[in-house]
Every structure is written in structure tokens, then in C-alpha cells.
Amino acid sequence: MAAASPDSGDVIVVEPARPGSPVAVVTINRPAALNALTKPMMVSLAAAFRRLGADDAVAAVVLAGRGRAFCSGVDLTAAEDVFKGDVKDVAADPVAQMELCHKPIVGAIAGFAVTAGFEIALACDILVAGRSAKFLDTHAKFGIFPSWGLSQKLSRIIGPNRAREVSLTCMPVTAEMAERWGLVNHIVDDNEVLNKAIEVAEAIARNNRNLVVLYKSVINDGFQLDLKHAQALEKERGHKYYSGMTKEQFANMQKFIQGRSSKPSSKL
């Protein structure tokens, strides 16, 4: 995992949570512009998730924004460059690459997550928000058609009536509302957002990495199906998983379980 200082000139910074940590922290580092995204930033962010997804040393990823915002959306001064590009170009699409990333992604939302920033937050698997965090969809205000999933994902999380109000009135969703509606997992003080997100990611990283990847996949894939077919999918993948295990792997599983039973449980 390549490390870079958050004070460097890089607008997308990738570094370990701490030396030797299996948790990578990706930081959108353009605080003077409230982390508004340019086309090169979008390409870099997509590439970062593609690299981390293929890096065996990485067990989980934290995504954060530097400064007063998580991400204020697309830089509208470069709107033509962004929106007239190929929105189907998966390689340059950060949300598509986040969705393709097998590693769990924890979003550290401090400040505003606006429009494209909101969509990037929705591409995370778990969200930690600061008390002053706000989620805002301004597609309707500025005449921008959503293409990173907000029109479909939000209603599936908070319900269609709430989603329609959020998107059609451009009303801000506070951290408290987001937690109450099931959008956010944890609310902490603003200065603790990154620490809490890393804590959650490190708790994930302590578990069986292969099973974590498979578990994330079956949850996400099953969510696209009705319950009957989702349960069938779980059984199918469970059968494939156990059928592929050797006697040695079963023995190692039992040894691991016996070792864990004598240790205190995670503080999470």
C-alpha cells in the first residue's frame, strides 16, 4: 500500500491507518474547495479503490474527506468536462469501483456530503458520521441527472417517501435523522469520526478475511433479490464454501475457534 502525507499536494491520498495496519485510509484532500471533485480526482479515486481491492495486504478501507466537508459533490466549474464524459466508463467511475471492491468500506462522514458526495457515501458499506454531518441531494436544484445510484439506493435504505422528499425538496438530512432512518451506523463527535471509522474497520480486519469478503458479497447480492431467492443464494454459496474446504482447513477452523473462545470479545 503506497502511503502519502495528507499534507501533500495529492488530492486523493492513500495511506495505512497506522504503520503495518491492514486498514487503508483513502482521503479526498481538496479542503479549500470543500473536496469538490474534478474529473482527474474521480479517475484517481476510482483507481485507488481498484488497487486496494486487489491488494492482499488490505483487509478493509476507510474513506474520509479532509477539512470541513466529506465531499461537496462535483466541481461545477468543470461540469461540462465531467458530465459530457462517458458516465458508463466503469474504470473512471469511483462509485462503480467502490461497488466492485470486495473489501468492506467504512465511510467517515464529517461535515457535508453533497450530491455526488452523498452518492459516494451511499457506496460505503458502513457509515460513521460526525454530529454536524449533513447529507444533501441537490440534483433537482441544479438540473443534474443522478448517475451514481442515489435515485435508487436512498429509497431502499430510508424508504421511498422519505427519499422523494429528500431528493425533490433538496432538504438536508442531519446526522441524527440519518441514524434514525438507518442510513448511518454511528454518530460521534466531529473530531472522533476518523478514529471511530478506523476502529470499526480494524474490528473487521481482525476476522477471517476470506469469509468477510464472501459475507459482504452474499449480503449485497442477496439484497437485490426477494427473500426466498436470497436465502437460496446463501445456501448455494454456503454449500460451495464448505464443499471446497479440505480436512486441514476444517481442523484449522476448529483450532481458531478454540483459540478465540479464550480471548475477550471485541469492544464493538
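**Sheets, helices and a salt bridge**

Mentor: Let's begin with an open sheet of six strands, running in the order β1-β2-β3-β5-β7-β10 with mixed pairing. Keep in mind that this is a predicted model.

Trainee: Ok, and which strands stand at the edges there?

Mentor: β1 and β10, the latter covering 186–188. Each has a single partner strand, so one side of each is left without a neighbour in the sheet.

Trainee: How many degrees does the twist average from one strand to the next?

Mentor: The average is 20 degrees.

Trainee: Let's zoom in a bit. How many bridges join β2 to β3?

Mentor: Six, and those two strands run parallel. β3 spans residues 60–65. To see one of the pairs, find Thr-27, whose bridge partner in β3 is Ala-64.

Trainee: And which helix packs on the sheet?

Mentor: Helix α1, residues 39–54, packs on it and touches β1, β2, β3 and β5 (105–109). The direction of α1 makes about 25 degrees with that of β1.

Trainee: What holds strands together in general, by the way?

Mentor: Strands of a sheet pair through backbone hydrogen bonds, and they can be parallel or antiparallel.

Trainee: Switching to helices. At what angle do α10 and α11 cross?

Mentor: Roughly 155 degrees, and their axes come within 9 Å. Since that is over 145, α10 is roughly antiparallel to α11. The crossing is right-handed.

Trainee: Which residues meet there?

Mentor: On the α10 side they include Leu-211, Leu-214 and Val-218, while α11 brings Ala-230, Leu-233 and Tyr-241, among others. The contact residues divide into six nonpolar, three polar and three charged.

Trainee: What about α6 and α7, how do they pack?

Mentor: Helix α6 (residues 150–158) and helix α7 (residues 160–169) pack at about 135 degrees, with axes 7 Å apart. That makes α6 oblique to α7. Here, too, α6 passes α7 in a right-handed crossing.

Trainee: And who makes the contact?

Mentor: From α6 come Leu-150, Leu-154, Ser-155 and Ile-158, and from α7 come Pro-160, Arg-162, Ala-163, Val-166 and Ser-167. They divide into six nonpolar, two polar and one charged.

Trainee: Last topic: how many salt bridges does the structure hold?

Mentor: Seven. One to look up is Glu-202 with Arg-18, whose side chains meet at 2.8 Å, N to O.

Trainee: Where in the chain are those two?

Mentor: Glu-202 is in helix α9 (residues 193–205), and Arg-18 is in the loop between β1 (12–16) and β2 (23–28). They are 184 residues apart, so the pair links distant parts of the chain.

Trainee: Why would side chains pair like that?

Mentor: Side chains of opposite charge can pair when their charged atoms come close.

How values were computed: Residues numbered from 1 in each chain as written. Predicted model: local features only at pLDDT ≥ 70, side-chain atom pairs only at ≥ 80, totals over all residues. Heavy atoms only, no water. Axes fitted to C-alpha atoms, helices over the stretch in contact; angles between N-to-C directions. Helix = DSSP H or I, 4+ residues; strand = E, 2+ residues; numbered from the N terminus. Parallel < 35°, antiparallel > 145°, perpendicular 65-115°, else oblique. Left-handed = near helix turned anticlockwise from the far one by under 90°. Contact = heavy atoms within 4.5 Å. Nonpolar A, V, L, I, M, F, W, Y, C, P; charged D, E, K, R; others polar. Salt bridge = Lys/Arg side-chain N within 4 Å of Asp/Glu carboxyl O. Pairing = 2+ DSSP bridges.
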